[in-house]
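Trainee: Please put the model up, and I will ask about it one point at a time.
Mentor: Go ahead once it is shown.

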Amino acid sequence: PAAKEPAAKEPAAKEPAAKAALPQAPDVLEAPAPTAAPPQAPEAPKQPPPKKSQSKYVAPPAVGARIRFSMGDESFEGVVKFVGPTRFKEGIDWIGVALDAPLGKNDGSVGGERYFECPEKHGMFLRASKEYAVLQAAPTQEAAESAEAEAAAT
């Protein structure tokens, strides 16, 4: 019989390549060192929103000026007789008006305090912040004295 050739050796299985040495994780993780926060600009002081009277302030009319103003659907005309604070509502400046017609609420007095003189039902107070139209500026002191002198001469 024919001699058997020795069986060819099968190539040996490749041995796994050596694993690269990985760094070992520490047993306890350390937090990174704190870093200083970047400096921030100081906050501007907060201010309240402007009130209506601050944003659109108009000086009240002078005593003696003729004005027109509206309340609701009604329009009123009269002469300014008083400008300033009152005792009936403190902290607010008022304009006291002697109306041309008896459409008012008083005679220039409120709560026993007299602020100006006018016939009954001809007096009205409106807040100095209320919108109004000046129909005629208050007469100057010189004009008033001149008118008085003319009246006295006749």
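Trainee: Where is the place of Ser129?
Mentor: A note before the answer: this is a predicted model, in which local features need pLDDT of at least 70, side-chain atom pairs count only at pLDDT 80 or more, and totals for chains, interfaces and linings use all residues. Residues are numbered from 1 along each chain as its sequence is written, and side-chain values use heavy atoms, with hydrogens and water left out. Strands (E, at least two residues) and helices (H or I, at least four) are DSSP runs numbered from the N terminus. On that numbering, Ser129 is in the loop between β6 and β7.

Trainee: Is Ser129 buried or exposed?
Mentor: Buried means under 20% relative accessible area, exposed over 50%, and partly exposed in between, with a 1.4 Å probe and protein chains only. Ser129 has a relative accessibility of 57%. Ser129 therefore counts as exposed.

Trainee: How far apart in space are Ser129 and Ile95?
Mentor: Along the sequence, 34 residues separate Ser129 and Ile95. From C-alpha to C-alpha, the distance is 9.2 Å.

Trainee: In what order do the elements of the chain run?
Mentor: The chain has two helices and seven strands. Read from the N terminus on, the order is α-β-β-β-β-β-β-β-α.

Trainee: What is the strand order of the open sheet of five strands?
Mentor: Strands pair if DSSP finds at least two bridges between them. β1 (residues 66-71) and β2 (residues 74-85) pair in the antiparallel sense over six bridges, β2 and β3 (residues 93-99) run antiparallel and are joined by seven, and five bridges join β3 to antiparallel β6. The open sheet, with antiparallel pairing, has the order β6-β3-β2-β1-β7.

Trainee: Which strands stand at the edges?
Mentor: An edge strand here has a single partner strand, so one side of it is left without a neighbour in the sheet. The strands in that position are β6 and β7 (133-136).

Trainee: Which residue in β6 is the bridge partner of Val97?
Mentor: β3 and β6 run antiparallel. The partner of Val97 in β6 is Met124.

Trainee: Why does Thr86 count as buried?
Mentor: The place of Thr86 is in the loop between β2 and β3. Not counting residues up to four places away in sequence, Thr86 touches Ile92, Trp94, Tyr115 and Phe125, contact meaning heavy atoms within 4.5 Å. Thr86 counts as buried because its relative accessible area is 5%.

Trainee: Which side chain does a polar contact of 3.5 Å join to that of Thr86?
Mentor: A polar contact is a pair of N or O atoms within 3.5 Å; within protein, one must be able to donate a hydrogen and the other to accept it, and residues adjacent in sequence count only if both atoms are side-chain atoms. The backbone nitrogen of Lys89 lies 3.5 Å from a polar atom of the Thr86 side chain. The side chain joined to that of Thr86 belongs to Trp94.

Trainee: What is the relative accessible area of Asn106?
Mentor: Asn106 is found in the loop between β3 and β4 (109-110). Leaving aside neighbours within four places in sequence, its contacts include Phe116, Cys118, His122 and Phe125. Asn106 is buried, and the value is 9%.
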